[in-house]
Amino acid sequence: MIDYTHLIHALQETKLAPLAEAIPKAVTTNLHIDRNSDLAGWLEALAAMPAATPSHINLRDSVTIGKSDDLTAPEQAALHSSLQALIPWRKGPFQIFDTFIDTEWRSDWKWDRVKDGISALNNRTVLDVGCGSGYHCWRMYGAGAARVIGIDPSPRFVVQFHQIKKYIGDVPVDLLPMGIEAVPANLNAFDTTFSMGVLYHRRSPIDHLRELKDTLRAGGELVLETLIADGPKGYSLMPEKRYAKMNNVWFLPSIPTLELWLKRAGFKDIQCIDINTTSLQEQRSTEWMEFLSLKDFLDTNDISKTCEGYPAPKRVVMVATKAH
């Protein structure tokens, strides 16, 4: 089992102490072998990874760990096999010694669009909500954050994160097995909170924005990325059943509507820093994610529409400051 004892002790004398108290319950709920039949195998794959000290780590421009000649051929084969055991890999990519994990998403492209429009992360305490396997957590740390905590309830993502951390070592970057609803209310502790690719999965988007606000200290910054639909203030697309074959998409607001939501939720200084229509090059199937991906979710005759006839995925990144 993944041990969070060191992290709990590190947080106990800080503003994040209430979060430390929530970790044991989250582990029991989401990282218990009896609750997930695949978890034992994933943990075995993590344990089977060869011990190694990378000669080089780059988290500023990519997530690159070590060089090909840091491992022997048998060690590299064992590493490759252990990483493959956790397929599918959704967010990345990662270069781990001689293995390149070509993930479904080119999350580095998203980071490149985000990083220059947000406040500098130097010495900041950062929360990444719905972080997946933690790719952006590593990039946040590489950008100067003092501590990064990602949260995601998926056991697969948690183990994938620890496969990467095994070689990066004991740095203040962690992934907790919990969703935003398990974060203590009124934490008021983080300097920056990221929520990327989460809002449209929430039945109550205003409540989600208020939850995000409550994680932030006074004057803290929210970085919000979500799906949108073109339209005037007040307009929001609610799919009848599925959107791009996803049955858990609830609201795609227009940008003016999203700005209004943020104001009503208690944010100010709201800025749109990026608008991007997701391309078939940014989200696609690979040998590390062999299942259906974006091209399978679009109209075969018109990729400007989803297979249900809605506008194809367009995403916005907003930044805002906690007002009160």
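Modeller: Before we start, buried here means under 20% relative accessible area, exposed over 50%, and partly exposed in between, using a 1.4 Å probe on protein chains only. This is a predicted model, so local features need pLDDT of at least 70 and side-chain atom pairs count only at pLDDT 80 or more, while totals for chains, interfaces and linings use all residues. Residues are numbered from 1 along each chain as its sequence is written, and side-chain values use heavy atoms, leaving out hydrogens and water.

Biologist: Got it. Is T193 buried or exposed?

Modeller: T193 is buried, with a relative accessible area of 0%. You'll find T193 in strand β10, residues 190-196. Strands (E, at least two residues) and helices (H or I, at least four) are DSSP runs, numbered from the N terminus.

Biologist: What does T193 touch?

Modeller: Counting contact as heavy atoms within 4.5 Å, and skipping residues up to four places away in sequence, T193 touches L127, V129, L212, T215, L216, E221, L222 and V223.

Biologist: And which side chain makes a polar contact with the side chain of T193?

Modeller: That's T215, at 2.8 Å. A polar contact is a pair of N or O atoms within 3.5 Å; within protein, one must be able to donate a hydrogen and the other to accept it, and residues adjacent in sequence count only if both atoms are side-chain atoms.

Biologist: Let's switch to helices. How do the axes of α8 and α9 cross?

Modeller: The axes of α8 (residues 205-215) and α9 (residues 255-264) come within 9 Å and cross at roughly 55 degrees. Those axes are lines fitted to C-alpha atoms, for helices over the stretch in contact, with angles running from 0 to 180 degrees between N-to-C directions. The two helices, α8 and α9, are therefore oblique to each other. Under 35 degrees would be roughly parallel, over 145 roughly antiparallel, 65 to 115 roughly perpendicular, and the rest is oblique.

Biologist: Which residues make that contact between α8 and α9?

Modeller: On the α8 side P205, I206, L209 and R210, and on the α9 side W261, L262 and R264. They divide into five nonpolar, no polar and two charged. Nonpolar covers Ala, Val, Leu, Ile, Met, Phe, Trp, Tyr, Cys and Pro; charged is Asp, Glu, Lys and Arg; the others, Gly among them, are polar.

Biologist: What about α5 and α6, how do their axes cross?

Modeller: Helix α5 (residues 107-114) and helix α6 (residues 135-142) have axes that come within 10 Å and cross at roughly 40 degrees. That makes α5 and α6 oblique to each other. Their contact is made by S107, D108, K110, W111 and D112 of α5, plus Y135, H136, R139 and M140 of α6. By type, the residues of the α5 and α6 contact are three nonpolar, two polar and four charged.

Biologist: How many residues of α6 are buried?

Modeller: Seven of the eight, so α6 is largely enclosed by the rest of the structure. The buried residues of α6 are Y135, H136, C137, W138, R139, M140 and G142. Just after α6, G144 takes a positive phi of about 115 degrees.

Biologist: Where else is there a positive phi, in a residue other than glycine?

Modeller: A244 is one of those, with phi near 50 degrees. A244 sits in the loop between β12 (236-237) and β13 (252-253), and at 4% relative accessibility A244 counts as buried. D269 also isn't a glycine but has a positive phi of about 50 degrees, and D269 is in strand β14, residues 267-277. For background, most residues other than glycine have a negative phi, and most peptide bonds are trans.

Biologist: Which peptide bond into P88 is cis or trans?

Modeller: The bond from I87 to P88 is cis, with omega near 10 degrees. P88 is in the loop between α4 (73-84) and β3 (91-92). The bond from G92 to P93 is cis too, with omega near 10 degrees, and P93 lies in the loop between β3 and β4 (94-96).

Biologist: Last one: where does D299 lie?

Modeller: In strand β15, residues 298-299. At 25% relative accessibility, D299 counts as partly exposed. A polar atom of the D299 side chain lies 2.7 Å from the backbone nitrogen of N301. Leaving aside neighbours within four places in sequence, D299 is in contact with K305, T306 and C307.
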